[in-house]
Each structure stands twice: as C-alpha cells, then as structure tokens.
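Please look through the model shown here with the following explanation at hand, which moves from a pair of helices to the annotated spans of the chain.

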Amino acid sequence: MNLRNKIFAFWGIMDVLALASYLFFSLQGGNVPFYSDISGFYTNYSQLGVNGLMGVIIQTMFFINIALIISLVFSAWSFFVKKDIHTIFFIAQEIARVLSLKCSVALIPLFMHFAGFTAAWGAMLLFVISEVLKIASVVWAKRQRNPQTAPAVSR
C-alpha cells in the first residue's frame, strides 16, 4: 500500500469513527440519531423565539451540521472504495466542518471527551491543526494521482 492509499485510508477511518461516535453517543443518551436531534432542535428553537435573519442563520447552521454527519458515509466510501474524493465535495465538506467546528481527526474530540479537556483555546488549536493536516494531506495525495511528468525529449 503506497502513501497515497494510506492517507485516504486514514481519513476514511476518521470519517467512520466520527459517524460511529455520533451514533454511539446518541444511542447512549437514549436518543434516536437524527430524529431526536431534529426534534430537540425545533423544541429549543421555538423556545428561543428567534425569527427573521437570525432564525434562518441558526436553522442553516443546524442543517449544515446534519448534512455533514450524513456526508461522512459518502466521504468514507470515497476514501476506501474509490481511493479518491471529488474536489467539490471535499471543499463543501471542509466548509461545513469549519462552520460546524467538527474536527476531521475524530480522535481529538473523543480524547477531549474522555480526558475531560474543556479549554476552548486548546480545542480551537487542535481543530485548526486537524483541518490544516487534512487539507494538506488530501491535496498532496490527489496530486500524486496525476504526477507531473517531465515532457519527453525527442531526438
């Protein structure tokens, strides 16, 4: 297995781990994944009494988070089976990760949860590091697929 495939396998594992931890913690809390989130969101949203532009922003952020969780299935499949990820999908998922503050390295939030780490500055630093690491490694791996070859010299 070459380095490119190892990088894609790592990010596929991180996506599976993120999805599995979402499902695990949701079920552990006695909730039905997605349904309980949406139901709870609208219950809390109605109690806030927010409307207008702020209401639209809050709902958009919530559904970006839900879409990101669902997209983990496709991105894990892309990393494992296709051994590649579509650039537009990758960019959209990274934007969603930044907007919802979801780490690409799924071990970071798990470590923070089990270690009781609650410092916001540390969480933000680890988040930025994980996203830079993912973007840099995936861009590098995608470029390895189409290596720049020197033009052939003809005699």
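A crossing of helices is called left-handed if the near helix is turned anticlockwise from the far one by less than a right angle, and right-handed if clockwise. This is a predicted model, in which local features need pLDDT of at least 70 and side-chain atom pairs count only at pLDDT 80 or more, while totals for chains, interfaces and linings use all residues. Residues are numbered from 1 along each chain as its sequence is written, and side-chain values use heavy atoms, with hydrogens and water left out.

Helix 2 (residues 35-48) passes helix 3 (residues 52-82) in a right-handed crossing; helices here are DSSP runs of H or I with at least four residues, numbered from the N terminus. Their axes, lines fitted to C-alpha atoms over the stretch in contact, come within 12 Å and cross at roughly 165°, with angles running from 0 to 180 degrees between N-to-C directions. Helix 2 and helix 3 are therefore roughly antiparallel, a term for angles over 145 degrees. In contact (heavy atoms within 4.5 Å) are Asp37, Ile38, Phe41, Tyr42 and Tyr45 of helix 2 with Gly55, Ile58, Gln59, Phe62, Phe63 and Ile66 of helix 3.

From the UniProt record, an unreviewed entry, comes the feature "transmembrane region" at residues 7-28, 48-74, 95-115 and 121-141; such annotations may be inferred rather than shown by experiment. Residues 48-74 are 89% helix and 0% strand (strands being E runs of at least two residues), and their end C-alpha atoms lie 34 Å apart. Residues 95-115 are 71% helix and 0% strand, with end C-alpha atoms 28 Å apart.

In helix 5 (residues 107-115), Ile108, Leu110 and Met112 are buried, meaning under 20% relative accessible area with a 1.4 Å probe and protein chains only. Just after helix 5, Gly116 takes a positive phi of about 75°.

Terms used. Parallel < 35°, antiparallel > 145°, perpendicular 65-115°, else oblique. Buried < 20%, exposed > 50% of the residue type's maximum accessible area, 1.4 Å probe, protein only.
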